Amino acid sequence: MSATPAGGVPCRVVVCRDCCCGSGKVTGVDHAAQTERLREAAPVRVSECLDVCDQANVIVVQPSAAGRAAGARPVWFGLVNDPAATEDIVSWVREGGPGVAPRPDILDLYAFSPLAKRRAGGS
């Protein structure tokens with residue numbers, strides 16, 4: 001696991017694992033291995049449905065204490081269904097994540113706003 005920055009709280013990761021994410025509905029993904037790989041970089045909380053099933057597998061990176069102090073917000077990633085995407089997230093988290101390290105451009109392919117999706121859908 002990554003070192004905690006200067007006594008502060010490190011990044012945290014939330015993985016959705018319920019009806020779609022983490023299930024056989026998303027084929028070709030070793031969901032347990034993905035979760036364990038993320039745990040090597042940061043504390044991971046496994047959540048039930050995050051209500052964005054069309055984006056399965058969903059991973060949310062929450063900023064560290066330093067990131068929050070810099071004004072960072074959680075970053076939502078969807079369609080994280082291959083090991084390379086998971087590795088890109090792991091690398092970013094190890095560098096400090098939201099508010100501490102610049103997000104690699106490749107992760108822009110996976111980033112989305114759950115609030116914008118809900119508003120667009122009328123809920």
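Begin by selecting F77 and W92: F77 is buried, as is W92, where buried denotes under 20% relative accessible area, exposed over 50% and partly exposed in between (1.4 Å probe, protein chains only). The model is predicted, so local features need pLDDT of at least 70 and side-chain atom pairs count only at pLDDT 80 or more, while totals for chains, interfaces and linings use all residues. Residues are numbered from 1 along each chain as its sequence is written, and side-chain values use heavy atoms, with hydrogens and water left out.

Display the rings of F77 and W92 next. They form an edge-to-face aromatic pair, 6.0 Å centre to centre with 90° between the planes. Rings of Phe, Tyr and Trp (its six-membered ring) pair if their centres lie within 6.5 Å; planes under 30 degrees apart count as stacked, over 60 as edge-to-face and the rest as tilted. Since F77 belongs to strand β4 and W92 to helix α3 (residues 83-95), the pair ties together parts 15 residues apart in sequence. Helices (H or I, at least four residues) and strands (E, at least two) are DSSP runs, numbered from the N terminus.

The structure holds two aromatic pairs. For W76 and F112, the ring centres are 6.0 Å apart and the planes stand at 75°, so this pair is edge-to-face. W76 is in strand β4 (residues 75-77) and F112 in strand β5 (residues 111-112), 36 residues apart. Both W76 and F112 are buried.

Finally, select S23, in the loop between β1 (12-16) and α1 (31-39). S23 counts as buried because its relative accessibility is 16%. Leaving out residues up to four places away in sequence, S23 touches D18 and H31, contact meaning heavy atoms within 4.5 Å.
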